Amino acid sequence: MSVSGRLSPCSFFPTCVSSQGDVRPRHRVEPFEAAEEPHAAFTRLKELVTSAPRTVIVAASDDYLHARCRTRLGFVDDLELLLRPAEGVVHVRSASYISLFTDFGANRRRVEELRRRFSDGRESGRARQV
């Protein structure tokens with residue numbers, strides 16, 4: 001859960017990825033770029049998370065989202081988004097709810113799939129405006 005503008009830290013286990021803080025390289029992912037319209041970008045990311053299968057929103061505010069995502073195998077993972085408009089980014093964290101030794105890359109794939117969907121929507125929006 002976000003405390004003082006920070007996402008939850010990653011544990012020692014390799015079942016977490018995060019864009020915020022001093023994380024080990026195996027845990028590191030890039031934040032989502034939101035430089036032009038940070039609040040609109042965050043709203044769109046929240047919509048993408050809300051529409052994802054097997055996903056339940058636990059907490060949401062104007063600058064934070066916490067969701068629980070169930071994998072196809074039935075494991076539950078936490079997904080957090082944190083808007084930082086001054087930085088022009090949305091930080092992200094995805095982690096296994098129960099610390100396991102491996103998640104077979106599920107959390108990293110979740111973040112990168114969200115990034116792909118977010119990017120695709122941005123490109124579609126530009127094409128419509130032309």
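Residues are numbered from 1 along each chain as its sequence is written, and side-chain values use heavy atoms, with hydrogens and water left out. As the model is predicted, local features need pLDDT of at least 70 and side-chain atom pairs count only at pLDDT 80 or more, whereas totals for chains, interfaces and linings use all residues.

I begin with helix α1. Helix α1 comprises 13 residues, 38–50; helices here are DSSP runs of H or I with at least four residues, strands are E runs of at least two, and both are numbered from the N terminus. From first C-alpha to last, α1 reaches 18 Å, close to the 18 Å expected at 1.5 Å a residue, where the expected span is 1.5 Å times one less than the number of residues. Within α1, P38, A41, F42, L45, L48 and V49 are buried, that is, under 20% relative accessible area with a 1.4 Å probe and protein chains only, while exposed means over 50% and partly exposed lies in between. Seen down the axis, the buried residues of α1 fall within an arc of 120 degrees, so they line one face of the helix; the arc is that of the directions from the helix axis to the C-beta atoms.

I turn to aromatic contacts. A search of the whole structure finds 1 aromatic pair, with pairing defined by ring centres within 6.5 Å for Phe, Tyr and Trp (its six-membered ring), and planes under 30 degrees apart counted as stacked, over 60 as edge-to-face and the rest as tilted. F32 and F118 form this edge-to-face pair, at 5.7 Å centre to centre and 80 degrees between the planes. Because F32 lies in strand β2 (residues 32–33) and F118 in helix α2, the pair ties together parts 86 residues apart in sequence. Both F32 and F118 are buried.

Finally, the surface. F101, in the loop between β6 (89–96) and α2 (106–129), is exposed, with a relative accessible area of 63%.
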